Amino acid sequence: MFDLSNLTRFLNPNLGEILDLFSLAPQTLWYALAILSFLFAVNYLIRTALMTAGVWSVPVHMVVCTLTLLPAILMAAILVWAAYRHPERAWINLGLAALLYLPWGVGGAITRLVRRDTEGADIGWMTMGAYITFPVGVVAALIFR
Amino acid sequence: MRRIPAAGLILRYLCLLTALANIGGNIGLQLGYPLLFNWLGVPPPVDARLFAIESALSFSMGVVALLIFFDTARAIPLLQIGALGKGAYAIVTSWHWALHGLHWFYLVFAVWDAVFVVIFILYWIYLESRDLTELQQSIFDGIDRPRTNRALIIGFSLTDNGRKVIHQLEAGLRNRGYQSDVIWVVAQESIFRFPMSLMDFVRIILRAFLRRPAKIAPLRVPRDDYDLVVVESPTWLLSMGAPVEAVFLDPANRRLFEGRDAVALAMSRGAYQRTAAMIVRWLERSGANVVAARGYTHVGREPRRLMSLWFYLIFRKPGFPPGLAEPHYGVSQDTLDAIANFGEDLAERSRTRPHWTLLKALGAALAP
């Protein structure tokens, strides 16, 4: 097993703080959840805005596709990192990850307040995201327990 | 489907609110922050020069918001800049509040800016491609010239869903005296067929992600006197199917669209918005007069609807596995009826009248 415990020594202190924050440590948990909620909601808003923009652009299309599942992938990575740093909280973190699907969906749902021809929150793709997040999270919890 | 008219007004005035708050607030802060900080118990800034620079940056963000308020027609890039700037400020400030003991007074600004990130992006969504919403809820005037009552319908269907839709549209047009020629796009690559292997499915998805064009057979169009062209496309990974896009990529096909009324039909499991936008823009680029766009989605509710699509592609039969998949694959009967009605309305679309065009242009110029 690689020892990652000193990884943050080699980074800008702020980057180290980011890694600490996204390990979902108990002392900064609420702030981590708040910032992830904000990012996930904004992720959906940007995706919706780009849906009808840049129709010729391959990069824009790739960004739209990536944003469709980005929170799920990010959450899976966070669950692995958090399970490594705080193995005793790995199972609780799965519940917190489920909670973060709410702001992600809200980000999509509120687009319909301004434009009814948007899809709103696409529960189908979010479910696909759950198939990424939670198996990875469970495997991480089992490995690092 | 309808755009909410009040939403634009509310969002625009919220931009004015943050403009005044950022411009006025920062001037006020620089003039009297010692008094205010003393009253609220906020420690004085560690570096007064950096505090002034931060105020100046925040002031400039207010100017950005003011420009958005005054010129909504060119607001989208400013909204993007505003959302980025306010988002960065909100994250950095809240970060220092949460981890480095910054006074709560600064958190108020962080929360304000976070809220305005959402408002700016919502306004961007509202303003982006406004014509597409109108095209999806009404039928615009056709070109003012004698009608031949002949329609060309170009479509591509892997799983027969698009085929049903086109037949319904054709029936609706026929009910109102239109004769239609349906031309199916024929892909010259073996991966674009159904049933498909898992590997072909993965290749289609990867190619859709990278927007790689498809090779298609030349379209064999029997006549040249159509007054209406309909283009139907499935949605693959949130965008139009590559074989349909190949129709537009061939310059020889431009003659099929140039100077004719045209309609975009987007078929999708649930998210047709980008496909409809792509077809409309391709039609416009090809010189067509786009009179309407419609998106149609599969029957059912999520997440079962998306699962049903995957199951159908894997097991090649609707309603399997029972209980997990929707009993019916594709569009509902109600949707098919609506498509037939749309075909009838399309056949009876009005023609552009010069004075009406002038009024529309005037209305667009005066719109908020």
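Biologist: Leaving aside its neighbours within four places in sequence, which residues is B:Ser268 in contact with?
Modeller: In this predicted model, B:Ser268 is in contact with B:Thr235, B:Tyr296, B:Thr297 and B:His298.

Biologist: And is B:Ser268 buried or exposed?
Modeller: B:Ser268 is buried, since its relative accessible area is 4% and buried means under 20%.

Biologist: Which strand does B:Ser268 lie in?
Modeller: B:Ser268 belongs to strand β5 of chain B, which covers residues 261–268.

Biologist: Moving on to cavities: how many of 30 Å³ or more does a search of the whole structure find?
Modeller: The search finds two cavities of that size. The largest cavity holds about 490 Å³ of space.

Biologist: Which residues are the closest to the centre of the largest cavity?
Modeller: They are B:Pro234, B:Thr235, B:Trp236, B:Leu309 and B:Leu313, out of 28 residues that line the cavity. B:Thr235 is also one of the contacts of B:Ser268.

Biologist: Which elements each supply at least two residues of that lining?
Modeller: In chain B, these are α6 (161–175), α7, β3, β5 and α10 (304–315).

Biologist: Let us take α7 of chain B, then. What should its 13 residues span at 1.5 Å a residue?
Modeller: Helix α7, residues 198–210 of chain B, should span 18 Å, and its end C-alpha atoms are 18 Å apart, so the two values agree.

Biologist: Which residues are buried in α7(B)?
Modeller: B:Asp200, B:Ile204, B:Arg207 and B:Ala208 are buried there. They cover an arc of only 100° around the axis, so they lie on the same side of α7(B). B:Leu198 and B:Met199, on the other side, are exposed.

Biologist: What covers the buried residues of α7(B)?
Modeller: The cover includes α3 (58–85) of chain A, as well as β3 (228–236) and β4 (239–240) of chain B.

Biologist: Now the wider layout. How is chain B divided?
Modeller: Chain B has domain 1 (6–128) and domain 2 (134–351). The C-alpha centres of these two domains of chain B lie 45 Å apart.

Biologist: And how many helices and strands does chain A have?
Modeller: Chain A has five helices and zero strands. Of its 145 residues, 53% count as buried. The C-alpha atoms of chain A fill a box of roughly 50 × 30 × 25 Å along the principal axes.

Conventions:
Residues numbered from 1 in each chain as written. Chains lettered and ligands numbered in written order. Predicted model: local features only at pLDDT ≥ 70, side-chain atom pairs only at ≥ 80, totals over all residues. Heavy atoms only, no water. Domains from an automatic or database assignment. Helix = DSSP H or I, 4+ residues; strand = E, 2+ residues; numbered from the N terminus. Buried < 20%, exposed > 50% of the residue type's maximum accessible area, 1.4 Å probe, protein only. Contact = heavy atoms within 4.5 Å. Expected span 1.5 Å × (residues − 1). Arc of directions from axis to C-beta. 1 Å grid on protein atoms, 1.4 Å probe; cavity = no way out; pocket = protein on both sides within 12 Å on 5 of 7 lines; lining within 4 Å. Points joined across faces, edges and corners; volume = space filled by probe spheres on them.
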